Amino acid sequence: MNYESGFQADNADLASPGDTVEGAEQPGRSRNRLYWIIAAIALLAIIAAAYYAFSGGAADEGAGEDSQLPTVTVIRPGSSSVEGVITATGTLAARRDLPVGVVGEGGRVTSVPVDEGSWVRQGQVLAVIDRSVQSQQAQSAAAQIQVAQADANLAQANLDRALQLVERGFVSTADVDRLTATRDAAVARVRVAQAQLRELRARNARLNIVAPASGLVLERNVEVGQTVSAGSPPLFRIARGGEMELEARLGEADLARVSVGTQAEVSPVGSDRVFSGQIWQVSPLISQQDRQGTARIALPYAPALRPGGFATARIVSGTVTAPILPESAVLSDDDGAYVYVIDADNTAQRRAIETGAVTPKGIVVTGGLTGTEQVVLRAGGFLNPGETVSPQLQGSEG
């Protein structure tokens, strides 16, 4: 009994280890499966981290670069219809400046009855030159006429008596011819003397300096006691009719836009008055030095319009369609006016422009822009050509 019991116990002990090994295989497999899952998760985490490291870093770098670009405000000016106005400067002058000098032989001035600023009429005496010697010459010429006339009268009387005696045979035909020639010569000497007297009187009359036309005396360059001659500079300058003009200097493009009859407003320097006039002559020539021409604007007389003075003209040249920019957008240097335009690549490009009139809305751009460009509104002076910027259209900030 004891042996069987011990055998059974031994068999039980032998069976127990086998059962234990089969049951232990299940936890080992579970741990291996868990390791594989953890390894897969770790690999996925590494891949995700690498992806985010590369893609996120590049995005952050790009965002950093964008954040460092200067932001500029731009506008698209478009086109507007504005009244074409040309602003020009020039010098005031007499429309018809008449220099008056010595016409005769000259002499010592004895009287000057007019002064600068005087109004004179045509033929009025401006200065009188001493004529005492010329007067004596005229009296002598008048006496010579009397002498020649007496000789002519005597020659005529001798001829008349000879004609009465020739019928009686006391005087020959040859004597009559001789007496006739003597009479004709005497009559001719009378005419010569008369012509000489008229010449002297005309010379004496030319000693007076007279006004060639009615107008305003601008200059008086002679004084009493002064000796003048035909080679002397002009003694007077007269503005015919007192009419004035502005010799406005215009560029080639502006000169082509005006014509005779175009209205203009002139403002002299130092005066707040505005005078209305119109262009009466456009220069047919362009100066090779400054590429400009002259438009002459006729003006009525006014005390404020002084020849030689400086004035500004505002010439109306019709309606034009052009872009208008604020003054802050227009820059200038030695090369002229320009703006900065932002192209499709967001780079700043310098664009030369031609400016026109200044209106309450801004500066009219007559050339260089179509109005569809993105023009830098402010701070263009701090940009460089080719610089990349971040444009912000005006009105869309925020």
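User: Which residue stands opposite valine 128 in S6?

Analyst: Strands are DSSP runs of E of at least two residues, numbered from the N terminus, and two strands pair if DSSP finds at least two bridges between them. Here serine 111 stands opposite valine 128. Strand S4 (residues 107-111) and strand S6 (residues 125-129) pair in the antiparallel sense over two bridges. The model is predicted: local features need pLDDT of at least 70, side-chain atom pairs count only at pLDDT 80 or more, and totals for chains, interfaces and linings use all residues. Residues are numbered from 1 along each chain as its sequence is written, and side-chain values use heavy atoms, leaving out hydrogens and water.

User: In what order do the four strands of the open sheet lie?

Analyst: The order is S7-S6-S4-S9, with antiparallel pairing. Strands S7 (209-210) and S9 (227-228) are the edges, each pairing on one side only.

User: How many salt bridges does the rule give?

Analyst: The rule requires a side-chain nitrogen of Lys or Arg within 4 Å of a carboxyl oxygen of Asp or Glu. The count is 11. One of them joins aspartate 97 and arginine 237 at 2.1 Å, N to O; aspartate 97 lies in strand S3 and arginine 237 in strand S10, 140 residues apart.

User: Which residues are linked with Arg237 in a network of salt bridges?

Analyst: Asp97 and Glu219 are linked with Arg237 in this network. Between glutamate 219 and arginine 237 the closest N and O atoms are 2.6 Å apart.
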